[in-house]
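This report describes a predicted model.

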Amino acid sequence: MPIEPIDLTARLRGRVAVITGGASGIGLATAERLAAEGARVVVADLDDTAGRAAAERVDGYYVRADVSVKADVDALFDEVAAQFGSVDIAFNNAGISPADDDSIETTELDAWDRVQRVNLTSVYLCCRAALRHMVPQGRGSIINTASFVAVLGSATSQISYTASKGGVLALSRELGVQYARQGIRVNALCPGPVDTPLLRELFAADPERAARRLVHVPVGRFAQPAELAAAVAFLASDDASFVTASTFLVDGGISSAYVTPLTDA
């Protein structure tokens, strides 16, 4: 289903936004959306070719960073602050969902640890680094990518992924409460299944898993990355000035559904 174009505002003009995992999927769509709304966008990724292409696409800036490594994360946010004078928006979005993360009976410790480092520890590191710049400024918006599986159990298990996203949700909620009176908002974006390269790769290998997911989405389709990008733009903007510590679900109704599908279509 095509997404209708909307008239963009300049509500993010003058803001500096850091997007991890910004070379593809939700990250790339968000880079495009924030740039269209006036932000100066910094794309952080491990894929130099795709990362540079993404930055060029939005007239932005590329920084190579492994978000699971503290030195890389600190250098990323310090470089952005030095280069552009502030860190106003941090969209901590990078994540993985490898095939060897499955049920608790088959997921080994190395797979568990790898997912936790990339999906959860990275968010801790990025929030910490962003806050070092946002606290002195007295302003900022942090958006952390969690998932709808942070609020309900998944029958098609990815045990470390699910646990990591639950951690992102709890971390975001606590930071949102702690920093609210310092002018800094922290929210957890909780997408439903999104039509990204990661999801297509996962479901191409297991069509049955895809079908089991899709039948439980009341809207009847997977989300488009641009729909998540629109939510990030809202949370990053002053339109969301009273929104913090929230579980911001953009899931097509999946987390509220009891009996689906609504029709046979």
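## Aromatic pairs

The model holds two aromatic pairs, where rings of Phe, Tyr and Trp (its six-membered ring) pair if their centres lie within 6.5 Å; planes under 30 degrees apart count as stacked, over 60 as edge-to-face and the rest as tilted. The pair of Tyr-61 and Phe-84 is edge-to-face, because the ring centres are 5.3 Å apart and the planes stand at 85°. Tyr-61 belongs to strand 3 and Phe-84 to helix 3, 23 residues apart, and the pair thus links distant parts of the chain. Helices (H or I, at least four residues) and strands (E, at least two) are DSSP runs, numbered from the N terminus. Tyr-61 is partly exposed at a relative accessible area of 22%, and Phe-84 is partly exposed at 21%. Here buried means under 20% relative accessible area, exposed over 50%, and partly exposed in between (1.4 Å probe, protein chains only).

Phe-234 and Phe-248 form a tilted pair, with 5.9 Å from centre to centre and 35° between the planes. Phe-234 lies in helix 8 and Phe-248 in strand 7, so this pair ties together parts 14 residues apart in sequence.

Residues are numbered from 1 along each chain as its sequence is written. Because the model is predicted, local features need pLDDT of at least 70 and side-chain atom pairs count only at pLDDT 80 or more, while totals for chains, interfaces and linings use all residues; side-chain values use heavy atoms, with hydrogens and water left out.

Seven strands make an open sheet in the order 3-2-1-4-5-6-7, with parallel pairing; two strands pair if DSSP finds at least two bridges between them. Strand 3 (61-64) and strand 7 stand at the edges with a single partner strand each, so one side of each has no neighbour in the sheet. From one strand to the next the twist averages 20°. Axes are lines fitted to C-alpha atoms, for helices over the stretch in contact, and angles run from 0 to 180 degrees between N-to-C directions.

Four bridges join strand 2 (residues 40-45) to strand 3 in the parallel sense. Asp-45 has Arg-64 in strand 3 as its bridge partner.

## Helix 1

Helix 1 (residues 25-36) packs on the sheet, where it touches strand 1 (16-20), strand 2, strand 4 (89-92) and strand 6 (184-191). Contact means heavy atoms within 4.5 Å. The direction of helix 1 makes about 170° with that of strand 1.

The twelve residues of helix 1 reach 17 Å from the first C-alpha to the last, close to the 16 Å expected at 1.5 Å a residue; the expected span is 1.5 Å times one less than the number of residues. Helix 1 is mostly covered, with nine of its twelve residues buried. Among them are Gly-25, Ile-26, Leu-28, Arg-33 and Leu-34. Gly-38, which follows helix 1, has a positive phi near 105°.

## Helix 3

Helix 3 (residues 70-84) lies across strand 1, strand 2, strand 3 and strand 4, and runs at about 155° to strand 1. Its 15 residues reach 21 Å from first C-alpha to last, close to the 21 Å expected. Just after helix 3, Gly-85 takes a positive phi of about 90°.

Which residues of helix 3 are buried? They are Val-73, Asp-74, Leu-76, Phe-77, Val-80 and Ala-81. Seen down the axis of helix 3, these residues fall within an arc of 155°, so they line one face; the arc is that of the directions from the helix axis to the C-beta atoms. The buried residues of helix 3 pack against strand 1, strand 2, strand 3, strand 4 and helix 4 (109-137). On the face turned away from the buried side are the exposed residues Ala-71 and Ala-82.

## Two buried serines

Ser-164 lies in helix 5 (residues 159-178) and is buried at 0% relative accessibility. Leaving out residues up to four places away in sequence, Ser-164 touches Val-115, Gln-116, Asn-119 and Leu-120. Ser-164 and Pro-98 are 66 residues apart in sequence and 13 Å apart in space, C-alpha to C-alpha.

Ser-237 sits in the loop between helix 8 (225-236) and strand 7 (247-250). Ser-237 is buried, with a relative accessible area of 0%. Not counting residues up to four places away in sequence, Ser-237 touches Arg-11, Leu-12 and Arg-185.
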